[in-house]
Every structure is written in structure tokens, then in C-alpha cells.
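Please have the model open as you read, and take the points in order.

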Amino acid sequence: MDERAVSLVEDHPDTGEVIRILLQELLGLRVILARDGREAQDRLRETRPALVILDLVLPGMDGAEVARRLKSDPVTADI
């Protein structure tokens, strides 16, 4: 698990950029950005960040479903 990494799942580019700047520039965290639930699942399996910031309203799969899938996957369950 990458202790300095945060996964941000946000489909609105402007909102994602503001949050990314706050996390990366002000707090010094490494931000892994995903635009939808499927992309988030793939990236989280590869990067294993310490924290996920997850938008609830996403295209294709809502944030609650993404969270359920992450918890049911042994690779991402502990995030």
C-alpha cells in the first residue's frame, strides 16, 4: 500500500482539478485520478493507495457500487 497516495474518483474535470491541487500541492500527496468506476477499480488494483475519495454520482457505475466492489475484492478490501 502506498501511504502517500490518494485515489480521487471524480468525473467533473474542474472539481477533480481543484481537489487534486489541494491534495497534491498543499498536502504533498500523490493523487491518482480516475473519471469513472471502472477506471477506478483498475487503477486501485494496480496502485493500492492509502485512501479513496469517491464521488457518489459517476457515469456507468455509482460510487456506492464502486465501494461495494472494492470491499468485495481481496486485493482492494483493505483500502
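1. A definition to begin with: axes are lines fitted to C-alpha atoms, for helices over the stretch in contact, and angles run from 0 to 180 degrees between N-to-C directions. Helices (H or I, at least four residues) and strands (E, at least two) are DSSP runs, numbered from the N terminus. This is a predicted model, where local features need pLDDT of at least 70 and side-chain atom pairs count only at pLDDT 80 or more, while totals for chains, interfaces and linings use all residues. Residues are numbered from 1 along each chain as its sequence is written, and side-chain values use heavy atoms, leaving out hydrogens and water.

2. Look at helix α2 (residues 37-47) and helix α3 (residues 63-72): their axes lie 10 Å apart, and the helices pack at an angle of about 25°. That makes α2 roughly parallel to α3 (angles under 35 degrees count as such).

3. Which residues make the contact (heavy atoms within 4.5 Å)? From α2 come Gly37, Arg38, Gln41 and Leu44, and from α3 come Val66, Arg69 and Leu70.

4. Now turn to the strands, where two strands pair if DSSP finds at least two bridges between them. Strand β1 (residues 2-9) is joined to strand β2 (residues 30-34) by 5 bridges, and the two run parallel; Val6 has Val31 of β2 as its bridge partner.

5. β1 also pairs with strand β3 (residues 49-54), in the parallel sense over 5 bridges. Here Val9 stands opposite Leu54 in β3.

Technical notes. Parallel < 35°, antiparallel > 145°, perpendicular 65-115°, else oblique. Contact = heavy atoms within 4.5 Å.
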